[in-house]
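The structure is shown first.

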Amino acid sequence: MDFDVILYGILFFLVGGGGITAIVMVLEVKKHRPVKMAADADMYIKAGETQMTVVEDAFLRTHTTKVKVASSNNTVKKR
Amino acid sequence: MPSTLKCSNCGGDLKFTPALQLWKCEWCDQEHTEKDLQGFTEQAEQALNETVAVKVEREETDDGVTVTYKCGYCGAEVVTTEETSQTFCLYCQRPVTILSQVSGTFKPEAVLPFRHTKEKALEAFKEFLKGKRFLPDSYKANQNIEKLRGVYIPHWLFEGTVHFSVQGEGDVVTTTRQGDYRITKTDTYRVVRVGYIGVKDVPVDASSKTPDDMMDSIEPYDFSGLKPFATPYLSGFLAERYDVSQDESLPRADKRCKGSAENKLRGSLTRYSIVRRQKDEKRIENMKARYSLLPVWMLHSWHEGKDYPFAMNGQTGKILGNLPLDKGKMVKFGALIFGISGTVSGVVGALLKYFEVF
């Protein structure tokens with residue numbers, strides 16, 4: 001078996017396994033720590049007492065950047 | 001001074017029944033409606049004079065101040081904290097209202113009655129523990145769920161208007177590709193937003209003993225069910241009086257209200273990738289608060305010397321609490337997930353390489 005294949009297998013084992021485990025563990029631990037401080041009072045906003053009296057979006061200027069990127073023709077496909 | 005409410009039929013003790021939203025006699029099952037409230041209040045005042053209600057002792061300890069009352073019925077000592085306004089006699093199990101704690105400056109303006117019974121709270125608590133993988137076995141085994149108590153927690157309900165004004169520059173960024181080039185176009189706009197939001201009944205926990213984050217987490221409450229305060233609502237439950245003043249609570253209300261203003265602002269600026277604010281003002285006007293009691297089912301459960309309190313919103317049934325973690329279970333579960341997901345990922349990676357996908 002090609003050395004590269006084994007290397008990729010080990011790499012995916014460590015990165016994939018570690019990543020998925022970290023996500024699952026964070027989700028599970030969060031279930032045990034659901035309590036948090038309220039950051040807003042959105043649930044207690046009075047109906048009909050919210051208003052934007054001024055909404056202004058005036059165009060000022062534009063700026064364009066052009067960056068050369070590798071074209072698909074330059075990619076050499078290994079076999 | 002403690003007092004209890006009496007049934008007009010047999011003289012038995014009355015308790016508020018959340019499921020029925022009325023007062024029921026523990027002895028003859030006679031039901032008393034809200035219309036009788038006035039009568040109850042007068043009765044409570046009368047009971048104040050009739051029952052032997054003596055504040056026996058006030059003692060300062062390392063854990064705070066304890067106050068001892070003499071139960072008006074059996075004469076037993078009722079030991080409680082200085083902030084308690086409603087409690088039970090441990091010997092005769094009768095509810096005891098300490099009227100001095102719900103009168104004068106401590107008299108609440110409003111009370112939100114319990115809607116969920118203790119039975120529902122117990123079920124919800126058991127349900128909450130389900131699916132928690134890292135819960136220590138000793139914690140599950142040592143639960144004293146019978147210690148679940150309905151408590152009226154003091155809150156300040158703030159009302160006011162938040163005015164906001166933001167000025168700055170916002171960028172709308174679009175990226176396209178033309179041949180071998182990636183073109184990024186940034187349109188800059190002058191952005192101005194001015195407005196206001198009105199908030200009503202923003203609750204802020206006024207008891208230093210209950211964790212603020214927990215009280216926040218069991219919100220929201222439906223304040224349309226708020227009633228003018230009357231001591232009969234306390235019967236059958238515990239109650240505390242505030243020990244965090246309105247002024248001390250104001251910064252928390254202020255932060256929450258300004259947070260809502262910020263949400264409103266951000267909602268109107270979603271088209272911009274970035275907004276550079278040159279002016280950002282938020283101020284609250286006409287802020288006022290009313291002192292109210294909100295219903296909470298509380299359970300204190302201890303694990304390895306640490307208290308893990310649970311709270312359930314007594315009106316809506318929303319339940320929350322932090323739970324202890326079993327590190328051994330975490331390691332085992334983590335190793336299992338790592339083994340399975342790592343093996344699957346490794347095989348996929350090796351196959352992708354073998355078939356020269358990359």
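The coordinates come from a predicted model. Chain A consists of 79 residues, of which 15% are buried. Its secondary structure comprises one helix and one strand.

**Contact between the chains**

In the model, 58 residues of chain A are in contact with 61 residues of chain B. On the side of chain B that touches chain A, at least two residues each are supplied by strand 12 (181-205), helix 4 (212-217), helix 5 (246-267), strand 17 (319-321) and helix 6 (327-354). Of the elements of chain B, strand 12 gives the most to this side, with 22 residues. By residue class, the side of chain B that touches chain A divides into 23 nonpolar, 19 polar and 19 charged residues.

Strand 12 of chain B also takes part in strand pairing across the two chains: with strand 1 of chain A (residues 45-68), it pairs in the antiparallel sense over 18 bridges. Within this pairing, Ile197(B) in strand 12 of chain B stands opposite Thr50(A).

**Backbone features of chain B**

Which residues does the cis peptide bond join? The bond lies between Glu219(B) and Pro220(B), and its omega is about 10°. Pro220(B) is placed in the loop between helix 4 and strand 13 (227-228) of chain B. Helix 4 is also one of the elements that supply at least two residues to the side of chain B that touches chain A.

| Residue | Phi | Other C-beta atoms within 10 Å |
|---|---|---|
| Asp29(B) | about 65° | 11 C-beta atoms |
| Glu304(B) | about 50° | 9 C-beta atoms |

Asp29(B) is not a glycine, yet its phi is positive. Its place is in the loop between strand 3 (22-25) and strand 4 (31-32) of chain B. Is Asp29(B) buried or exposed? Asp29(B) is exposed, because 11 other C-beta atoms lie within 10 Å, and a residue counts as exposed at 12 or fewer.

Glu304(B) likewise has a positive phi although it is not a glycine. This residue is found in the loop between strand 15 (274-303) and strand 16 (306-313) of chain B. With 9 other C-beta atoms within 10 Å, Glu304(B) is exposed.

Note on methods. Residues are numbered from 1 along each chain as its sequence is written. Chains are lettered from A and ligands numbered from 1 in the order in which they are written. This is a predicted model: local features need pLDDT of at least 70, side-chain atom pairs count only at pLDDT 80 or more; totals for chains, interfaces and linings use all residues. Two residues are in contact if their C-beta atoms, placed from the backbone, lie within 7 Å. Helices (H or I, at least four residues) and strands (E, at least two) are DSSP runs, numbered from the N terminus. Ala, Val, Leu, Ile, Met, Phe, Trp, Tyr, Cys and Pro count as nonpolar, Asp, Glu, Lys and Arg as charged, and the others, Gly among them, as polar. Two strands pair if DSSP finds at least two bridges between them. A residue is buried if 20 or more other C-beta atoms lie within 10 Å of its own, exposed if 12 or fewer, and partly exposed in between; C-beta atoms are placed from the backbone.
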